[in-house]
Amino acid sequence: MNRARLVRIIGTYGVLIALAALILFGFLRYDRFLSFYNVMTLLRYNSMFALVALGMCFVIMTGGIDLSVGSVAALGSVASALASPYGIVPGLAAGIGAGLAAGLINATLVTRANLMPFIATLATMQAASGSALLLAGNQTVSVSYESGFTAIGQGNFWTFPIPAAIAVVAYLIGSLVLNYTGTGRAVLAIGGGEDASRLMGLRTDRVKFLVYVASGGLAGLAGVILASQFGAGQPIEGVGWELFAIAAVVVGGTLLTGGSGSVVTTLAGVLLLGILFNVLNFENGMGWISLSAYWQSVIRGLFLLVVVLLQARLTRRRLNAL
Amino acid sequence: MTRPPDGLFPLLLEMRDIQKRFAGIPALADASLSVRSGEVHALIGQNGAGKSTLIKVLTGYHRKDAGQVLFEGEPFEVHSPHQAQVNGISTIYQEINLVPLRSVTENICLGREQRRYGLLDWNAMHAEAERLLSRFAIGIDVRRPLGEFNTATQQMVAIARAIGFSARLVIMDEPTSSLDEREVGVLFSVIHQLKAEGVSVIFVSHKLDELYEVCDQVTIMRDGRTVRSAAMKEIGKLELVAAMLGRDVAAVEGHATAFGERDRSRIGDVMFSARGLGAGQAVRNVSFDLRRGEIAGFAGLLGAGRTETARLVFGADRPSAGQMTMEGAAYHPDRPADAIAAGMGFCTEDRKGEGIVPEMTVAENLTLALLPKISRNGVLDDSRQREIVERFIRELGIKCSGPNQKVRELSGGNQQKVLLARWLAMNPKLLILDEPTRGIDVGAKGEIQRLIRRLADQGLGVLMISSELEEVIEGADRIFVLRDGVSVTELEAEAANEEKVLTAMAHGTSASSEVTT
Ligand SMILES: Nc1ncnc2c1ncn2[C@@H]1O[C@H](COP(=O)(O)OP(=O)(O)OP(=O)(O)O)[C@@H](O)[C@H]1O
Ligand SMILES: [Mg+2]
């Protein structure tokens, strides 16, 4: 039983230890690593991934998966860019609305049509990507700078990036929902045994529905930040975001099979991956090695694979230890 | 408990002419059930008679094809277990349907969370879980994942959960199959309390003696039909069995002694022995010998270390102390594969978690461990597989539409038979059976017990764990009583009786202080 506990602790808090180690490494190796500018840029940029990963975290905890988040974010960025001339609120509403719509489709396919989440969200991924290109007319859509829309992605709260603040609030809410509402606990119960949960009288379909809708909405919000931060709606962005999000969730100790997980450590997972890629950039900048964007892609992919494999092994131990 | 004459209490539930087919095959054909307020109602029938299906129709898990349900006088149409629960029907399903990864508290409180300022009040929920479990004299850390506890504890958690809903009707589908006598006693006192509060209980069990202790009324099902309903005190045990099996009383009477005659001359030399086995707190000092052709019974209360000892023997866990020998050679298995290679088999008590592969067919489940033996050059020998599968379906009376039915679709008792058949088909030298007849009906139970005896007569050594004293006393040639992880007493079957075993279970030595190892 003690070993079970140890494995569980490593599974849950390992990411925090790794995060601390990585920060220490960066701090010792690069002068400007902990500079105000670098930290704030890092937070601003990774806030998008944080939002997507939050939605993914809930979906995975029910035992499902949402592969559409990347292209839904792209769709959200285009929709919000198109609505940006009308102001911040319409821009936000358009982006989030597009995401919610996609989420609604996923939710319906999974809970009503009983499609496997993998298949349903793969289809939505294609459809969202196509819709984004159609809406954008096959090019990036500049946002309006006059309406103040860019503040969402580029502005600061005093000195703290607004998108990072949005992500922090979203994680607070997410954590509250997971730990202190019946719906949140039902999310975990469903992942731990869907049929059992249904027999326990939980409204499994309703909870799963909500989770996919939320994931869509959060991806849409990430899209709004994307458009606002880079000044344009980007129909072809978002490739590989789902993998980043899945990896962050898994690094954070959430079981890929569902039933056990945490919102806070998912955020730590996002930071870990974000900082890791930041470190790669620094290495590039130092001139020791010179990695093209393609090589960086390869390295990221391999890293994510390693992380997921490690997690899978740890998970098996943990389930055996039960 | 005094009971007003029939008719004084109003009808709470009426199910009339319920029909349900699965893929065209009827599971229920004209099943009826009437339950009064404050009544404990037994629902019995052979494995596959349709008891669980009737319950799942009532709770909206299955949709009925025809028939009528009235609850509190009103037509009752629910489409999900959630709706049934909201409407005052709380159910403990046959397979423990909880979530092992989540904490005990969550498993008890999910669906009726306690809130404070709109948010979950964990302290209150932990306290509630502890309070409910204390009714069953269980004190465990409710914050731990449920999966860390043994089957009996999980069953008690499931019961605590159902009781916690303050329902009008509590349904218990074979709640006692994984409990020992002490826990059953606790459960019965809780049932009496429920009854006093005016709550009705539907109670499914294959242990007929239990029924007379708690039930007022009984409904008997056979092949998806209700064949009889009567007051418990007006129907004898033989009559019950006869109605279940669809035979007359005289035919049933001869069926009594299940295991058949022991023949001591067939017992050979010592095949396996364990000395001073220990592992953690659960097993502290267990020693025993098992001879060829002998059935050794392990008796003891929950937590006595019976299953844990079996796991050590089978290499599922590693002992921290003690020695084992198998066929004269030192034996220390690192993993179950080593035990299997040494000729052992282990039919576990946790058929859902460790045994059955629900999505596979009966034939596949049955021959899973046999595949290397019945393959030639890696190719499965179809006719041999079919022959083995058909033999066991026949011998154990497994009720299925054929070898290719998915095990998930079988009734609970028939799943147990498949699991048992898998190990019997392996033809081991030593077979560990943990609660082998759990959830199996009276008719089939006798068949299985006789089969075990027959195999023992052919030289198989059997280590049988059973919470049913009767099964141990009648079935075993030698009884080892375990208490708190120590083997305290060894009794020859002829010298054993219920009283001696019970005394040993509770106090550590038998009344007449037999051989103590
Ligand atoms: N999902 C299903 N699909 C197909 N057949 C099923 C399904 N569920 C039950 N059955 C069949 O319906 C019949 C009745 O099963 P049920 O589980 O109700 O029996 P039971 O009386 O509860 O038996 P037991 O005492 O073994 O628990 C069985 O023949 C079983 O194979
Ligand atoms: Mg049943």
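Let's start with helix α4 of chain B, where B:Trp122, B:Met125, B:His126, B:Glu128, B:Ala129, B:Leu132 and B:Leu133 are buried. Look down the axis of α4(B) and you'll find these buried residues within an arc of 160°, so they line one face of the helix. What do they pack against? In chain A, the partners are α7 (162–180) and α8 (182–192). In chain B, they are α3 (104–109), β8 (119–120) and α5 (151–163). Keep in mind that you're looking at a predicted model.

With 16 residues at 1.5 Å each, α6(B) should span 22 Å, and its end C-alpha atoms are 23 Å apart, which agrees. Its buried residues are B:Glu183, B:Val184, B:Leu187, B:Phe188, B:Val190, B:Ile191, B:Leu194 and B:Lys195. They cover an arc of only 165° around the axis, which puts them on the same side of α6(B). That side packs against β3 (40–45), α5, β9 (169–173), β10 (200–204) and α7 (208–214), which belong to chain B. After α6(B) comes B:Gly198, with a positive phi near 85°.

Take B:Glu435, which has a phi of about 55° and is not a glycine. You'll find B:Glu435 in the loop between β21 (430–434) and α16 (442–457) of chain B. Is B:Glu435 buried or exposed? Its relative accessible area is 9%, so it is buried. Over in chain A, A:Asn138 has a positive phi of about 65°, and it isn't a glycine either. A:Asn138 sits in the loop between α5 (117–136) and β1 (141–142) of chain A. At 61% relative accessibility, A:Asn138 counts as exposed.

Next, find the magnesium ion, ligand 2. Which atoms coordinate it? They are OG of B:Ser52 and OE1 of B:Gln94, at 1.9 to 2.1 Å. B:Gln94 has 14% relative accessibility, so it counts as buried.

Another loop residue to look up is B:Glu294, between β14 (283–291) and β15 (295–299) of chain B. With a relative accessible area of 0%, B:Glu294 is buried. Leaving out residues up to four places away in sequence, B:Glu294 touches B:Ile267, B:Asp289, B:Leu460, B:Gly461, B:Val462, B:Asp477 and B:Arg478. B:Met271 is 23 residues from B:Glu294 in sequence, and their C-alpha atoms are 9.7 Å apart.

Finally, zoom out to chain B as a whole. The chain has 18 helices and 24 strands. Its radius of gyration is 23 Å, close to the 24 Å that the globule rule gives for 517 residues, so chain B is as compact as a globular protein of that length. The C-alpha trace spans about 70 × 55 × 45 Å along its principal axes. Of the 517 residues in chain B, 58% are buried. Among the contacts in chain B with a separation of 6 or more, 67% are between residues 24 or more positions apart. As for the accessible surface of chain B, there's about 20,900 Å² of it, and 48% belongs to carbon and sulfur atoms.

Technical notes:
Residues numbered from 1 in each chain as written. Chains lettered and ligands numbered in written order. Predicted model: local features only at pLDDT ≥ 70, side-chain atom pairs only at ≥ 80, totals over all residues. Heavy atoms only, no water. Buried < 20%, exposed > 50% of the residue type's maximum accessible area, 1.4 Å probe, protein only. Helix = DSSP H or I, 4+ residues; strand = E, 2+ residues; numbered from the N terminus. Arc of directions from axis to C-beta. Contact = heavy atoms within 4.5 Å. Donors = N, O, S within 2.8 Å, 3.2 Å for Na, K, Ca; no water. Rg over C-alpha atoms; globule rule 2.2 N^0.38 Å. Areas by Shrake-Rupley, 256 points an atom, 1.4 Å probe, with all protein chains shown as cover. Expected span 1.5 Å × (residues − 1).
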